[in-house]
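Thanks for asking me to look this one over.

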Amino acid sequence: EFALEAMKHPVGEAPVPLPAPLNGFKFQYFPTLTADNRFLLFTGRPAASSGEDLYVSRQNKDGTFGAPMPISPVINSSYNEGAGSISGDGKTLVFASCDRPKAIGNCDLYISRRTGNNWSTPVNLGINVNSTEWDSQPSLSADGRTLYFTSTRRGGQGQEDIYVTTLQPNGTWSAAKNLGTPVNTAGKDMAPFIHASGTTLYYVTDGLIGMGGLDVFRCEKTPAGTWSEPRNLGYPLNTFENEASLFITSDNQRGFCSRSRASNEPT
């Protein structure tokens, strides 16, 4: 009933695939744009047998994007690296990597800082942030001091839940906290994105009424520091398929998302 009503009242325009040279890999997802709009960062797998790596594409003056390039040999490795998030000044990168030596869980969050054109050796964010379970899909606030991410650790509201941690004055990260209700549900709550404003959170969930599968929702931070009831972003952004992630530019003029469709069309 929700879906039928939503389709009668479309909100905005349907997403369209980015043109070549983007979408040239077998798989590409979790797109984010740096605050200066110069670089598009995403996770790519050139072939079905390839591992995940982080790639960047430079935006030209005419708005087109150049050929994707690996972000750095210091970041990409023989292990999987993906779902990267960069601070507003472009100098702090948080990403997920799986099965690395001395990891805490099977997938952990790592941090790297840029000096000039060089990224530092990634450092595991430690036990205050990572758990012995799956931790991934980070979203770093514009000031680089608040980090939202997805985790399957025990003690949550449901399956995957969204957690938050903040950078302390001494340079450490606080113990990650579950965002609780109404954001997290008994279902899958994933792929958080905190807008540059710091007060609007987008994420996907199948624990609330929607079009079917994972839908994109948004909620606002109240003056009291709590989160408002999540609001479904409607059709045609949301469909009966699973939506994967959403990134909104700081000026609210463009959104970037990743989709997987049965037709195998590049999305």
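The points below cover a predicted model, and they go through its pocket, cysteines, strands and salt bridges.

1. Let's start with the largest pocket, which holds about 1,200 Å³ of space. Its lining is made up of 39 residues, and those closest to the centre are Pro15, Val16, Gly255, Phe256 and Cys257. Strand 1 (27–33), strand 2 (39–45), strand 18 (243–248) and strand 19 (255–259) are the elements that each give two or more residues to this lining.

2. Which strand gives the most to the lining of the largest pocket? That is strand 19, with five residues. Sorted by class, the lining of this pocket comprises 22 nonpolar, ten polar and seven charged residues.

3. Next, the cysteines. One disulfide turns up when the whole structure is searched. The partners are Cys98 and Cys107, with 1.9 Å between their sulfur atoms. The link of Cys98 and Cys107 is right-handed, with 95 degrees about the S-S bond. You will find both Cys98 and Cys107 buried.

4. Strand 2 deserves a look of its own. Five of its seven residues are buried, so strand 2 is largely enclosed by the rest of the structure. Strand 2 runs antiparallel to strand 1, and five bridges join the two. Within this pairing, Leu40 of strand 2 stands opposite Leu33. Strand 2 also runs antiparallel to strand 3 (residues 53–58), this time with six bridges. Here Phe42 has Tyr55 in strand 3 as its bridge partner.

5. The hairpin of strand 1 and strand 2 has five residues between the strands, and Asn37 there takes a positive phi near 65 degrees. A salt bridge brings together the side chains of Asp36 and Arg38, at 4.0 Å from N to O. Asp36 is partly exposed, with a relative accessible area of 45%, and Arg38 is partly exposed as well, at 37%.

6. On charges in general, side chains of opposite charge can pair when their charged atoms come close. The count for this model is six salt bridges. One of them joins the side chains of Arg100 and Glu81, at 2.9 Å from N to O. This pair links distant parts of the chain, 19 residues apart: Arg100 is in the loop between strand 6 (92–98) and strand 7 (107–115), and Glu81 is in strand 5 (residues 80–86). Arg100 is buried, with a relative accessible area of 14%, and Glu81 is buried at 0%.

7. A further salt bridge pairs Asp135 with Arg153, whose closest N and O atoms are 2.7 Å apart. Asp135 belongs to strand 10 (residues 135–140) and Arg153 to the loop between strand 11 (146–151) and strand 12 (161–166), so the pair ties together parts 18 residues apart in sequence. Are these two residues buried or exposed? Both Asp135 and Arg153 are buried.

Terms used:
Residues numbered from 1 in each chain as written. Predicted model: local features only at pLDDT ≥ 70, side-chain atom pairs only at ≥ 80, totals over all residues. Heavy atoms only, no water. 1 Å grid on protein atoms, 1.4 Å probe; cavity = no way out; pocket = protein on both sides within 12 Å on 5 of 7 lines; lining within 4 Å. Points joined across faces, edges and corners; volume = space filled by probe spheres on them. Helix = DSSP H or I, 4+ residues; strand = E, 2+ residues; numbered from the N terminus. Nonpolar A, V, L, I, M, F, W, Y, C, P; charged D, E, K, R; others polar. Disulfide = S-S within 2.5 Å. Buried < 20%, exposed > 50% of the residue type's maximum accessible area, 1.4 Å probe, protein only. Pairing = 2+ DSSP bridges.
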